[in-house]
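Reader: I would like to learn how to read a sheet and its surroundings. Could you walk me through one?

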Amino acid sequence: MSKVWLITGASRGLGRSLLEAALQDGAQVVATARDTARFADLQARYGERLATFELDVTNEQQAQEAVAEAVRRFGRLDVLINNAGYGHIQPFEHVHAEDFRAQIETNLFGVVNLTRAAIPVMRAQGGGHIFQISSAGGRISTPGLSAYQAAKWAVGGFSDVVGKEVAPFGIRICTLEPGGMRTDWGHEARATLQHLPPDYAASLGDFKALMDAYVGHEVGDPERIAKLIVALASRSTVPARLVLGSDAWQVVEAEELARRETMQSWKPVTLAADFGAASPAWPSE
């Protein structure tokens, strides 16, 4: 039996690659975006196997309606892909409160809204897969990405917790953490950093130079990643988190090693918090 998918942010980038890969695999798909006209070519090719739905993921009511549309059209929902998201690179001091909140609303609460809508359906039918398209940025800290990475860290924590809650129902939640992909994400993200404030050259200068050189040359292949996700959706077991891409592996491994080393060096202070503990030997400064 073909699976029923719902993909957010499906009109471009990785979302578009996922939509095409799922349809090529024989799935029935509800593709969502703010502009559903972008699906016209695939609608003509795949006919009734593709349903489209105009969705703002920050709108909880629309999220409920999108899941209901999948059930109405295809009778169930097997795979939810929370893909919609974006980021802007700026020093936190220069990020307007409205922009910061908007990034959190899309990147975190969009995931929360769709996950909340999908769980009752999947629980009633005895299982399903939910894939959260997060980022290696959900494991590291990069100056300039305070809103985006705050949301991605939250997505990982949220999904780890909810995944444990719903595992007995046969629902598998996997947070995917890709590195740079050859999509338009980087072009949009760095558009807000064309003029780096001089005071922040020391902390953001290297990252700006990296982005200027790397955008358009990312190692992550969205079509290969999409095919990996299609394969994951057929597995009964998936990891709670999965890093995707050699660049993601490199930065996440380095960050986690540094975090572990810091924990070890500060362990005496950590243990000094207990009743009756000895005074700690502080790390050298």
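Reader: What is the order of the strands in the open sheet, and how do they pair?

Author: Happy to start there. This is a predicted model, where local features need pLDDT of at least 70, side-chain atom pairs count only at pLDDT 80 or more, and totals for chains, interfaces and linings use all residues. Residues are numbered from 1 along each chain as its sequence is written, and side-chain values use heavy atoms, with hydrogens and water left out. Helices (H or I, at least four residues) and strands (E, at least two) are DSSP runs, numbered from the N terminus. Two strands pair if DSSP finds at least two bridges between them. Here seven strands follow the order E3-E2-E1-E4-E5-E6-E7, with parallel pairing. Strand E3 (50-54) and strand E7 (241-244) are the edge strands, each pairing on one side only.

Reader: Which bridges join E4 to strands E1 and E5?

Author: Strand E1 (residues 4-7) and strand E4 (residues 79-82) run parallel and are joined by three bridges. Tryptophan 5 stands opposite valine 79, and isoleucine 7 has isoleucine 81 as its bridge partner. Between E4 and E5, also parallel, there are four bridges; asparagine 82 is partnered there by glutamine 132 in E5.

Reader: Which helices pack on the sheet, or lie across its strands?

Author: Contact means heavy atoms within 4.5 Å. Axes are lines fitted to C-alpha atoms, for helices over the stretch in contact, and angles run from 0 to 180 degrees between N-to-C directions. Helix H5 (residues 146-166) packs on the sheet, touching strand E5 (128-133), strand E6 (171-178) and E7, with its direction at about 160° to that of E6. Helix H8 (residues 222-232) lies across E1, E4, E5, E6 and E7, at about 155° to E5.

Reader: Where is asparagine 83, and why does asparagine 83 count as buried?

Author: Asparagine 83 sits in the loop between E4 and H4. Asparagine 83 counts as buried because its relative accessibility is 12%. Leaving aside neighbours within four places in sequence, asparagine 83 is in contact with Thr8, Gly9, Leu14, Gly15 and Ile133. A polar atom of the asparagine 83 side chain lies 2.9 Å from the backbone oxygen of glycine 9.

Note on methods. Buried < 20%, exposed > 50% of the residue type's maximum accessible area, 1.4 Å probe, protein only. Polar contact = N/O pair within 3.5 Å; in protein donor to acceptor, adjacent residues only side chain to side chain.
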